[in-house]
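Biologist: Before we look, I would like to learn how to read the spaces inside a protein model. Please show me the case in hand.

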Amino acid sequence: MAPTEDAARIISEVSAKNIDDCVRVSSFTHELEESIRGHIHEELTSWLFFRKLAADCSRANIALHGFALYVYLPSNTSGLAGQHRVDVFADDDSLWERSAIESLADAHWLEKYLQRGGRCKPTDIEAPKIEFSDNPVEPVGPVREALAVEKRILEDLERLMALANKVGNYSLAAMLDKRFLCKQTRHVKDLADLLQQVVRVSKQPGLGIFHLDRELRCHDGCLPWGKSNDPEMIDCALQSICTTLGKEEKLLGNC
């Protein structure tokens, strides 16, 4: 067979194939694809929820600037995913705005993963019903709802990871563990701590919220206890202490 005829045959065979099927691995089942699309919907729903809270907190009747500055402390995640997270949150955005940005970024990442043989099929996003009370200004309800949203995302991630492991899609399971689950677990604990603080200070309306808001402002919006909820930060601190003690012991031995 002539080279030109052989090339024409190969082109004809490839042209007749569905390239998505060539890209798609056997472990990327239709059930897993649908589950990924379901989590994308959850992330986009939470994005709209946090955007609503961000708009409410910007109102002059509320004006909780410490809460508006609140940020999730970036973890010591290694690799490109960790670098990307620090870049995303480098600007001066509010608590809820940063949460919205994170949800949108996570949904975008999963949409890119779907391109490995799957399809993106957007669904309708229900408008959030949350309202930030301004008479009196009461953040307990919004923080409680935000905690419920973050917990729902975490539980849906665990369901998605369990399915990925079940069908043998270990690349997706590894990325979910590295990029999503660790930071999402920390977010749930951070918001639970914040909710407890808000409930505690709300027993004295006005004054307690003012002091908590001022504390957040003094820490540039970062939770003072945030690092204690990150096992990686604790491990680094313990390692630093052990290293310091080892150096001091060595110096004492040389004396």
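Biologist: How many nonpolar, polar and charged residues does the lining of the second largest cavity have?

Modeller: Ala, Val, Leu, Ile, Met, Phe, Trp, Tyr, Cys and Pro count as nonpolar, Asp, Glu, Lys and Arg as charged, and the others, Gly among them, as polar. By that scheme, this lining has three nonpolar, four polar and five charged residues. The model is predicted, with local features needing pLDDT of at least 70 and side-chain atom pairs pLDDT 80 or more, while totals for chains, interfaces and linings use all residues. Residues are numbered from 1 along each chain as its sequence is written, and side-chain values use heavy atoms, without hydrogens and water.

Biologist: What is a cavity, and what is a pocket?

Modeller: On a 1 Å grid over the protein atoms alone, a cavity is a set of points where a 1.4 Å probe fits but cannot get out, whereas a pocket is an open set with protein on both sides within 12 Å along at least five of seven lines; lining residues have an atom within 4 Å of a point.

Biologist: Which residues line the largest pocket?

Modeller: Thr45, Phe49, Glu126, Ala127, Pro128, Lys129, Ile130, Glu145, Val149 and Arg152 line the largest pocket, whose volume is about 210 Å³. Its lining divides into five nonpolar, one polar and four charged residues.

Note on methods. Grid points are joined across faces, edges and corners, and a volume is the space filled by probe spheres set on the points.
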